[in-house]
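Reader: Could we go through the charged side chains together? I would like to begin with the terms.

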Amino acid sequence: MTKKIAYGFLVVNIVLGSLIYSSLQKSGASHISLEGKEGDFFLVENEQYFSLLREKISQAQKDIYLIAFLFKTDPYRYNPARLIMEDLIVAHQRGVKVHVFFERKDRSSRFNEDDLARANEATAEELVRAGVEVKFDLPQKSTHAKVVLIDRRYVF
């Protein structure tokens, strides 16, 4: 099941990514068709992303899948990652199935492996304590993704 979800995310990201360039020139939505399903593609600019993601998480009704390479929360109340984590917990508490996938360790020179592991494990501990399902990729694999799927309808 996890491989199917990851493959689905990859396909959606490739298709949507290829549409971004042409969408930058247009205003409004672009209509797309993917494997027989129709939908609208909206380009969300930087300043809109965070608030729109939080809004969609708060409106989720069925399920949320979050895949993140690095999800570093800290004690600062307004840390964006902390706010998203808290939104995921609230969604779980109201009955939404929340599935989180994190990177186990880093192979790049940009991040220290121990720092990445500590950050993801600390966030995972808080999520698990609240009852949210958290999984890590295999140590020999690298999941360098940043994707959120909400109600199998919205992809960030």
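Author: Buried means under 20% relative accessible area, exposed means over 50%, and partly exposed is what falls in between, using a 1.4 Å probe and protein chains only. By that scale Glu133 is partly exposed, at a relative accessible area of 31%. Please keep in mind that this is a predicted model, in which local features need pLDDT of at least 70 and side-chain atom pairs count only at pLDDT 80 or more, while totals for chains, interfaces and linings use all residues. Residues are numbered from 1 along each chain as its sequence is written, and side-chain values use heavy atoms, with hydrogens and water left out.

Reader: Which residue forms a salt bridge with Glu133?

Author: Lys135 does, with the closest N and O atoms 3.4 Å apart; a salt bridge here is a side-chain nitrogen of Lys or Arg within 4 Å of a carboxyl oxygen of Asp or Glu. Lys135 is itself partly exposed, at 38% relative accessibility.

Reader: And how many salt bridges in the whole structure?

Author: The search finds 6. Among the residues involved, Arg77, Arg82, Glu86 and Glu126 are linked in a network.

Reader: Is Arg82 buried or exposed?

Author: Arg82 is buried, with a relative accessible area of 12%. Arg82 forms a salt bridge with Glu126, the closest N and O atoms being 3.0 Å apart, and this pair links distant parts of the chain, helix H3 and helix H4 (residues 113-129), 44 residues apart. Helices are DSSP runs (H or I, at least four residues), numbered from the N terminus.

Reader: Where does Glu86 lie?

Author: Glu86 lies with Arg82 in helix H3 (residues 80-93), 4 residues apart, about one turn of the helix, and their side chains meet in a salt bridge at 3.9 Å, N to O.

Conventions:
Helices (H or I, at least four residues) and strands (E, at least two) are DSSP runs, numbered from the N terminus.
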